[in-house]
Amino acid sequence: MTSPAGRKAYGVKGAPYVFLLPATVLFALFFALPIGYAVWLSFRKVHVSGLGLGAGARDEVWAGLENYTQAFQDSELLHGALRVLGYGCIVIPVMLGLALLFALMLDSDKVRLAPFTRLAIFLPYAIPGVVAALLWGFLYLPDVSPFYYLLQKLHLPQPNLLDGGPLYLALSNIAVWGGTGFNMIVIYTALKAIPAEVYEAATLDGATPTQIALRIKIPMVAPSLVLTFFFSIIATLQVFNEPTTLKPLTNSVNTTWSPLMKVYQDAFGRNDVYSAAAEATLIALVTLVLSFGFLRAANRRNKQEAAAR
């Protein structure tokens, strides 16, 4: 028989698994299982017999790589990926640059009303993406926007931000406005973890606040910058709310403007869940490869810097 001490030790070792069980079950039911089902659907298709009428006329059969071949040959999916690439080239550097700038400013000893300023910068992140897109969408409309009214009164040009090239700026502005606060908090938290002795030593050596920011703060929060860049890549590849919400306000946004919009259109517009599952799987794989490659490159660089020291 197991002694009381043995049973106690076994209970202590098994406690972490008990605490992990609810999260594991939820992860399996609402994350792993849907992904597995989508992958399974991506290898299936509907076979129509005759006119497709009557019982048994439409059967689900094995399709192999047919759905993936069609996805690779789909020009709409490719054009959507290119649009998202241009969108990301605007959003990511601007958003992370502003987040870093705000974090450095709030970490300064000379800043006033720092708690209020932090809350003001972070507050847009708490607003749901659909609400933010609707808010900015009406501000972009010339007929109802107060900005266009002011431009008209001042006899200044009134650009249409919902048409052509400016559309990328309009969409990027929504993402930057909503995501800068979150990234700022991540970087600001990393700045607060830096020991004060490091700043005191730099000040005694004659370093200016700008030199401290460029040569001490930014290098020491590099892991946080990598993390925020990683999150930004994933969010960019999954852009859906902003263009979908602005679509009724402009003809420049079609139903396949982004890859996820293409997936939604195929699944619920064309009722082809099999092609949509293949496209969603490809998007997930691209996201995984880019994220893994970026993290691996960042870890390799960190190891090289640590070895050089």
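**Fold and cores**

Modeller: This is a predicted model. In the protein chain, 64% of the contacts with a separation of 6 or more are between residues 24 or more positions apart.

Biologist: How many helices and strands does the protein chain have?
Modeller: There are 13 helices and two strands.

Biologist: And what is the radius of gyration of the protein chain?
Modeller: It is 26 Å, whereas a compact globule of 309 residues would be near 19 Å. Along the principal axes, the C-alpha atoms fill a box of roughly 90 × 85 × 35 Å.

Biologist: What percentage of the residues count as buried?
Modeller: Of the 309 residues, 33% do. The accessible surface is about 19,600 Å², and carbon and sulfur atoms hold 68% of that surface.

Biologist: Which residues have the most contacts inside the largest nonpolar core?
Modeller: Tyr87 and Trp257, in a core of 20 residues. Helix H3 (75-106), helix H5 (129-140) and helix H7 (166-192) each give two or more residues to this core. H7 gives the most, with six residues.

Biologist: What is Trp257 in contact with, leaving aside neighbours within four places in sequence?
Modeller: Trp257 touches Gly80, Arg83, Tyr87, Leu167, Tyr168, Leu171, Pro243 and Ser252.

Biologist: Switching to charges: how far apart are the mean positions of the positive and negative ones?
Modeller: They are 9 Å apart, for 22 positive and 17 negative charges.

Methods
Residues numbered from 1 in each chain as written. Predicted model: local features only at pLDDT ≥ 70, side-chain atom pairs only at ≥ 80, totals over all residues. Heavy atoms only, no water. Helix = DSSP H or I, 4+ residues; strand = E, 2+ residues; numbered from the N terminus. Rg over C-alpha atoms; globule rule 2.2 N^0.38 Å. Buried < 20%, exposed > 50% of the residue type's maximum accessible area, 1.4 Å probe, protein only. Contact = heavy atoms within 4.5 Å. Areas by Shrake-Rupley, 256 points an atom, 1.4 Å probe, with all protein chains shown as cover. Lys, Arg positive; Asp, Glu negative; His and termini not counted. Charge placed at Lys NZ, Arg CZ, Asp CG, Glu CD. Core = buried A, V, L, I, M, F, W, Y, C linked by side-chain atoms within 4.5 Å.
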